[in-house]
Amino acid sequence: MSTAEAAATRPALAADPLWWRSAVVYQIYPRSFADSNGDGIGDIGGIRSRLGHLKALGVDAIWINPWYPSPMKDAGYDVSDYRDIEPVFGTMSDAEALIAEAHGSGLKVILDIVPNHTSDQHRWFQAALVAGPGSPERARFIFREGRGTNGDEPPNDWMSEFGGPAWTRVTEADGRPGQWYLRLFAPEQPDVNWDHPDIHAEFEQTLRFWFDRGVDGFRIDVAHGLVKDPGMADANGLTFPLPADTPDDIDHPHWDRPGVHDIFREWRRIADSYDPPRVFCGEIWVGRTHRLTAYLRPDELHTAFNFEFLMSPFLAASMRETIQTTLASHAQIGAPATWVLGNHDICRPVSRYARPQELVGPTDRNLSHYIDLPADFDAGLRRARAAALLTLALPGGAYIYQGEEFGLPEVEDIPLEAMQDPVVAGTNFEDLGRDGCRVPLPWTTDGSSLGFSPDGAAPPWLPQPSAWGSVSAEAQESDPASTLNLYRAALALRHQQTALGDGDLTWVDAGPNALAFTREPGFACWVNFGPDPLPLPADAAVLLASEPDVDGVLPADTAAWLRLP
Ligand code: NOJ
Ligand code: CA
């Protein structure tokens, strides 16, 4: 590193109270990250054993998907106790050790809180079933009488995200069919009633429980879903996010209702009472950017996932539009943007970008939307690598979903009988669900589970493609051109360049098939989305490129980071 570069090196993000404005957060899906005890399911011991990978990668924080006791009807998003650890994943002392070790490595730790619904095995829901209609126990959930003869039709027309009606009927103590409860996801995930003070108290206690154990923040599951229309009005087919031609002042009966903002103001006060203040990132699918940034007002959440960017096809015009809208709307309220390419719910970027991008629809998320389109996986990987450099150069924070640093594709051929996602059964096998992006990671070139579990252990909970040995961490380690080494180089540079992270950008006109912008001091990012090579500015030096040997000209589907004079 030159003296000038050394002078430009940022202080460690970990010590900065505004770390969250620039952080690169690595998402750990614990079932699929690493298995330490050989039962074929990832666990906390596995995460601890691979912290070295994350340190070498150069991320600033980890976000761990739910690790609480759960019957696993929705891979842990059905929580039966918010203040304990699922035995399959380990113990509370394992969790405490992981938090301490992550902090020791300079990594912040973000957990996942699930406030829209519990598991049907949560003590409160079990009590509600026993206590019967009209009881205080049922008031913590959303129980209603059915419509129609004998109440045998659901109370309204709301639909589950996992297919079919959003209501399940219970059998009362006398053995007769009784009330219905709302569950916007699986039947085993009853929605809680946020009009009830017990719910506020329970979640406040949960936030404090983990904050007291040093956790730095929470990702908030279905943050836009907590408040429901008290009148339980029919949705009458109103889809969500609202169709583009619906006026702005229409409220959906159960998504993004104004009342959710009061809940997050309460939560912000709790987070701010800690030193250093704890932070939130909302999982908020609202379609319209100004409805998203409403959650990011200074007294609400710190950040939210930028799903508009994630959903954009790899096309210059679409990417430019979503980046511009994102930056303009976030600037209005002073919140940093986030940039995200994938997660445990979305078909992996390599496989999305492998498809003809003009054919990708604006809401295509799952494998089912892509599987029938022709695929060029070499192009998909090139584009995913270019998108990674774009993502890490844009102003704000970024997320990396485990396996993106290996360039893993979606697994598209999991046998139906091996699929675990409740979406698959909930839609009668019409939707192929999300298992394809949740396949256990390959760490080594050989071995019965490619290093995911100790050798000779139970098979991984989802089958791994045998070819994944060649994309494993071990296989990529010594290849300077590997995706793993591209991510490492990008994250190392990101820590050295004061221009990167929070801040702003200036667009440069590079033609209709490219995106180019500069960031001060002295940095530029160019991305070529088109088929033709693109000349780079003559006075720029290439710091890093998503393909080898880029010099002077940027090939198709390639990004470069440049140092300007
Ligand atoms: C969003 C989570 O990311 C997803 O995995 C889960 O199924 C739903 N919320 C319900 O909790
Ligand atoms: Ca295990």
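**Close-up views of a predicted model**

**View 1. Helices H14 and H17 are therefore roughly parallel to each other (angle under 35 degrees).** In this predicted model, local features need pLDDT of at least 70 and side-chain atom pairs count only at pLDDT 80 or more, while totals for chains, interfaces and linings use all residues. H14 spans residues 377–393 and H17 residues 483–496; helices are DSSP runs of H or I, at least four residues, numbered from the N terminus. The two pack at an angle of about 10°, with their axes 10 Å apart. Axes are lines fitted to C-alpha atoms over the stretch in contact, and angles run from 0 to 180 degrees between N-to-C directions.

**View 2. Residues where H14 meets H17.** From H14 come Leu-381, Arg-385, Ala-388, Leu-389 and Leu-392; from H17 come Thr-483, Leu-486, Tyr-487, Ala-490, Leu-491 and Arg-494 (contact: heavy atoms within 4.5 Å). By class, this contact has eight nonpolar, one polar and two charged residues (nonpolar: Ala, Val, Leu, Ile, Met, Phe, Trp, Tyr, Cys and Pro; charged: Asp, Glu, Lys and Arg; polar: the others, Gly among them).

**View 3. The shell around ligand 1.** Ligand 1 is surrounded by 13 residues (a heavy atom within 4 Å), the closest being Asp-74, His-117, Asp-221, His-344 and Asp-345.

**View 4. Polar contacts of ligand 1 (N or O atoms within 3.5 Å).** Polar side-chain atoms lie at 2.7 Å in His-344 and 3.0 Å in Arg-434, each from an oxygen atom of ligand 1. For His-117, a side-chain N or O atom is 2.9 Å from an oxygen atom of the ligand. The protein covers 97% of the 300 Å² of accessible area that ligand 1 has on its own (Shrake-Rupley method, 1.4 Å probe). Residues are numbered from 1 along each chain as its sequence is written, ligands are numbered from 1 and chains lettered from A in the order in which they are written, and side-chain values use heavy atoms, with hydrogens and water left out.

Terms used: Angles under 35 degrees count as roughly parallel, over 145 as roughly antiparallel, 65 to 115 as roughly perpendicular and the rest as oblique. A polar contact is a pair of N or O atoms within 3.5 Å; within protein, one must be able to donate a hydrogen and the other to accept it, and residues adjacent in sequence count only if both atoms are side-chain atoms.
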